[in-house]
Every structure is written in C-alpha cells, then in structure tokens.
Amino acid sequence: MTGFRFELLSGAAGGARRGRLHTPHGTVETPCFMPVGTRATVKAIPQNDLESLGAEIILANTYHLYLRPGHERIQRLGGLHRFAAWPHPILTDSGGFQVFSLKGKISEAGVEFRSHLDGSLHQLTPELAMDIQASLGSDIRMAFDDCTPYPATLDQTRASLERTLRWADRSRSAWLHSLTPGPWPLTPGILFGIVQGGMYPELRREAADRLVAMDFPGYAIGGVSVGEPRELSETAVAAALERLPTDKPRYLMGVGTPDELRRYVAMGVDMFDCVLPTRNARNGLAFTSAGPVVIRNAQYAEDQAPLDAACACSTCVRYSRAYLRHLVRTGEILASILLTHHNLHFYLETMRQLRQPLSAPPSPSAAAGPLTS
C-alpha cells in the first residue's frame with residue numbers, strides 16, 4: 001500500500017528485532033512504545049511536549065471517540081490528525097476491549113452495549129469498527145475482536161477465538177472496501193489482525209496461523225494483561241510469536257511495566273502501548289532507574305534530590321522530590337503534568353536504550369517491503 005512499509009533492520013532470525021515502520025505521517029522506529037491518547041489526548045501532556053519527548057506515534061480509542069465527539073464530526077473536521085493537532089502516526093484500536101470491559105451482549109453480529117456516558121444503547125460490529133477508524137483516518141487500525149476473559153475454559157476460549165477469526169475476516173473485507181474512493185480522509189490506513197486464544201498456547205498458534213493466511217499488513221497479540229499470572233502471559237505471547245511472520249510488525253496490546261517491555265522486546269515484539277506511565281503519574285507513582293517511587297510517601301517530605309538522578313528529563317533536572325510530593329499532596333494539577341512528563345520520558349528512553357544495541361545495518365536476509373494485503 002502506498003506510503004506504508006515495514007523495514008526489518010536486524011533480528012530477522014528471531015528474538016529482539018530492530019525495524020522501521022514507514023507511514024504517510026512519518027516513520028516509527030521499532031521497537032516502540034505508543035503513549036495512550038484515549039480521547040485524542042494523552043492525559044496531562046500537550047502534543048508539543050510529546051514531540052519533544054520523542055514520541056513518534058500515539059494510540060487513540062475507537063469506542064470513546066465514537067461516543068464523543070463522534071467519528072463523523074472528526075471526519076468533517078479533517079480527520080483525527082488535524083482534529084488532535086498531531087501530524088504524526090496514529091494507531092486506533094477497534095473498541096473491542098472497551099465493550100468487553102462493559103460486559104456487552106455478544107452475538108454473531110457484534111456487541112450490544114450501553115454507553116458509559118448516558119446509558120444509550122449501541123451495537124458495535126466489525127463493519128462499524130472499520131467505518132469509524134476509516135472516518136478517523138488513522139494510520140494503523142485494529143480488527144474487531146472478542147477479548148477472551150481470564151479464567152476461561154478451553155471450550156469457552158475456542159468459541160471466543162472462532163468468533164474473533166470470523167470477525168477478523170469481516171473486518172478485513174470492510175477495511176478493503178474503505179480503500180476504494182469514498183467519503184474517508186486521505187490516509188488509507190493499514191489493518192492489523194489480532195491473535196486471541198486465551199492462555200492456551202495451541203490456540204494461540206492456531207490463531208496466528210489462520211490470521212497469517214488472511215494476509216494482514218501487521219499483527220497484534222491481544223487478550224493478555226487481563227488478570228492472568230505473568231508466566232501464562234509470556235507462554236501465550238511466545239506461542240503466537242512462533243507463527244507470526246518476521247517481515248511484518250508485531251504489536252503486543254496493553255503491555256506493560258518497564259520489565260515487561262524489556263522481556264517482550266527480547267522475544268521479538270515491535271510495538272507496545274499501555275496506560276501505566278500516564279495513569280500511575282496521575283496517582284503519584286513515578287518509574288525510575290531505581291524502581292517505582294510513590295512520591296506522596298512521607299519519606300520524601302524534605303528530600304531535595306531529583307526524582308531520578310539518572311534521568312535528564314525537565315522534571316528531574318528542575319524539581320525536587322519534596323516539591324513534587326507537595327504538589328501531589330495538595331492536589332495541584334502541575335503534579336500530574338510533571339510526573340506524566342517524567343514517566344513518558346522514562347518509557348520512551350527505555351525503548352531508545354533497547355533499540356540501540358539492535359541498530360545493525362540491514363543484512364542480506366533482512367526483510368523490507370510494502371505492507372500490502
């Protein structure tokens with residue numbers, strides 16, 4: 001597809017990989033972390049700060065933007081990039097996880113749910129999820145999936161997986177339709193299929209095989225970090241990665257802690273998103289080189305040291321732990337702003353450090369090609 005290309009620079013044989021995802025709105029260096037901008041904003045941080053931190057791509061939420069302000073309004077305003085004043089790549093999820101969280105009524109057609117805003121009744125289908133994302137004009141879009149809860153029996157997981165695969169096929173058909181001339185913004189967008197299968201490695205492998213047969217431009221691994229022990233998550237992710245192609249991007253959804261990022265990069269994941277750095281910042285928790293710091297704790301009341309002595313972000317360069325604790329304890333908005341800035345810097349710097357030893361020149365076997373379907 002014109003403007004989209006995944007360039008694998010190193011690691012084609014397996015394990016940690018270094019790549020570049022080229023889009024019409026810019027290039028994303030992988031492995032990458034995507035700050036979560038649920039409602040077309042990454043909470044407590046403006047777009048110019050995201051740029052200064054080196055964020056190359058953000059994630060927005062289909063469900064929330066569908067309900068407010070509405071995808072048709074965003075389309076009339078020129079698409080999500082213009083609306084959010086973010087001229088760089090944007091990934092949108094399908095809304096499947098959100099309606100899963102709302103315990104919507106699942107049928108073959110889709111999921112019926114009530115809005116968390118006003119209780120109004122809606123039905124989200126694979127076709128509507130693709131239409132919404134086309135109207136938003138995102139660069140990367142997610143197929144509509146059925147997120148399997150944990151715990152779930154083998155039979156329950158099998159039924160959920162089969163539904164996800166049928167919805168993936170419908171999502172792909174609707175996405176291909178959106179590539180034809182029509183009332184959508186100019187950015188065509190590429191579609192990722194989502195590997196489900198719960199905590200059953202054999203189902204994860206089967207799901208990956210069947211999605212690869214559909215030939216999506218990229219692949220996501222969903223349904224982890226839903227309450228299961230970490231060792232089960234790693235086994236499920238490893239099983240999916242065994243079967244996903246090396247020449248297309250791999251995205252692990254909703255993960256995770258800094259330690260998890262390091263672990264999954266080593267396993268061959270290219271893309272991550274998670275609300276932890278921003279949500280925890282608003283709750284007064286900072287990620288640092290010495291481990292998490294709960295800045296509201298009394299031990300920091302007279303601590304004049306920076307939040308993280310090894311960090312070069314503007315929060316750490318300028319402000320003391322004592323002052324940050326004061327802001328948190330008094331409920332000042334500035335606390336969320338400064339801690340969010342630091343946490344995102346920490347996450348993005350972690351990814352830069354993970355990329356650095358992988359930055360080998362392309363080998364003759366390294367893959368590079370357009371993300372065609």
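**View 1. Packing of helices H9 and H10 in the predicted model.** Helix H9 spans residues 230-243 and helix H10 spans residues 258-267. Their axes lie 11 Å apart and meet at an angle of about 25°. Angles under 35 degrees count as roughly parallel, and H9 and H10 are therefore roughly parallel to each other. The crossing of the two helices, H9 and H10, is right-handed.

**View 2. Residues in the contact between H9 and H10.** H9 contributes Arg 230, Ser 233, Glu 234, Val 237, Ala 238 and Leu 241. From H10 come Asp 259, Glu 260, Arg 263, Tyr 264 and Met 267. By class, the residues of this contact are five nonpolar, five charged and one polar.

**View 3. Packing of helices H6 and H7.** Helix H6 covers residues 126-136, and helix H7 covers residues 154-178. The angle between them is about 35°, with 8 Å between the axes. H6 and H7 form a right-handed crossing. On the H6 side, the contact is made by Pro 126, Glu 127, Met 130 and Ala 134. The H7 side consists of Trp 167, Arg 170, Ser 171, Ala 174, Trp 175 and Ser 178. Six residues of the contact of H6 with H7 are nonpolar, two are polar and two are charged.

**View 4. Burial of H6 and the residue that follows the helix.** H6 is mostly covered, with nine of its eleven residues buried. Among the buried residues are Pro 126, Met 130 and Ala 134, which also take part in the contact with H7. Leu 128, Ala 129, Ile 132, Gln 133, Ser 135 and Leu 136 of H6 are buried as well. Just after H6, Gly 137 adopts a positive phi of about 75°.

Terms used
Residues are numbered from 1 along each chain as its sequence is written. This is a predicted model: local features need pLDDT of at least 70, side-chain atom pairs count only at pLDDT 80 or more; totals for chains, interfaces and linings use all residues. Side-chain values use heavy atoms; hydrogens and water are left out. Axes are lines fitted to C-alpha atoms, for helices over the stretch in contact, and angles run from 0 to 180 degrees between N-to-C directions. Helices (H or I, at least four residues) and strands (E, at least two) are DSSP runs, numbered from the N terminus. Angles under 35 degrees count as roughly parallel, over 145 as roughly antiparallel, 65 to 115 as roughly perpendicular and the rest as oblique. A crossing is left-handed if the near helix is turned anticlockwise from the far one by less than a right angle, and right-handed if clockwise. Contact means heavy atoms within 4.5 Å. Ala, Val, Leu, Ile, Met, Phe, Trp, Tyr, Cys and Pro count as nonpolar, Asp, Glu, Lys and Arg as charged, and the others, Gly among them, as polar. Buried means under 20% relative accessible area, exposed over 50%, partly exposed in between (1.4 Å probe, protein chains only).
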